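Subject: Structure for you to look at

Dear colleague,

I am passing on the structure below, together with some notes on what turned up in it. Please read the notes with the model open beside them.

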Amino acid sequence: MLWRRILLSALVVFNLFLLYNLVWSENGIFAYLDLKSHHALLVKKLETVEEKSLDLSQEIRWLKSDRTFTEKMARSRMNYLKDNEILYQFPKDTAGTTEGPSPDDRKN
């Protein structure tokens, strides 16, 4: 009878050890859920990178084969001009600027 109690208590301790490893260890359920969410995030990033890669591949094909597309890109990205054209570049507006003097600058 004593051996049964010892064996039963050893099995209970072993089961508690297995339960701890199943749930809270570095290979447990919580670690698995973290890895699963990280995997989903990486899959999303991979999809966006693949889409961008396809877009860039299409743009490369257009640049190699389509002269009007090449001209359009050169004109828009590098500010190339045709003969007798004038380019006007305006400074970008900042969010904090307003037209006219500020109320603090006015003298009463």
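Glu85 is partly exposed, with a relative accessible area of 31%, and the model in which it sits is a predicted one. Glu85 forms a salt bridge with Arg75, their closest N and O atoms being 3.0 Å apart; this pair links distant parts of the chain, since Glu85 lies in the segment after helix 3 and Arg75 in helix 3, ten residues apart. Arg75, at 29% relative accessibility, likewise counts as partly exposed.

That pair is one of three salt bridges found in a search of the whole structure. In another of them, Glu71 is paired with Lys82, with 3.5 Å between the closest N and O atoms.

Because Arg77 lies in helix 3 (residues 67-78) and Glu59 in helix 2 (residues 29-65), the pair ties together parts that are 18 residues apart in sequence. The two partners stand in contrast in their accessibility: Arg77 is exposed, with a relative accessible area of 57%, whereas Glu59 is buried, at 18%, which falls under the 20% cut-off for that class.

Turning from charged to nonpolar side chains, there is a nonpolar surface patch of about 1200 Å², made by Leu8, Val12, Leu16, Leu19, Tyr20, Leu22, Trp24, Ile29, Phe30, Tyr32 and Leu33. The elements that give two or more residues to this patch are helix 1 (2-23) and helix 2, and helix 1 gives the most, with six residues. Among the patch residues, Leu8 has its place in helix 1 and is exposed, with a relative accessible area of 55%.

A word on confidence, finally. The mean pLDDT of the protein is 86, and 87% of its residues reach 70 or more. Confidence is highest in helix 2, at a mean of 95, and lowest in helix 3, at 87. Where pLDDT is low, the predicted coordinates should not be read in detail.

With best wishes

Notes
Residues are numbered from 1 along each chain as its sequence is written. This is a predicted model: local features need pLDDT of at least 70, side-chain atom pairs count only at pLDDT 80 or more; totals for chains, interfaces and linings use all residues. Side-chain values use heavy atoms; hydrogens and water are left out. A salt bridge is a side-chain nitrogen of Lys or Arg within 4 Å of a carboxyl oxygen of Asp or Glu. Helices (H or I, at least four residues) and strands (E, at least two) are DSSP runs, numbered from the N terminus. Buried means under 20% relative accessible area, exposed over 50%, partly exposed in between (1.4 Å probe, protein chains only). pLDDT is the predictor's confidence in each residue, from 0 to 100. Patches are made of residues with over 30% relative accessible area and no salt bridge: like charges are joined within 9 Å, nonpolar side chains (Val, Leu, Ile, Met, Phe, Trp, Tyr) within 5 Å. Accessible areas come from the Shrake-Rupley method with a 1.4 Å probe; for residues, only the protein chains shown count as cover.
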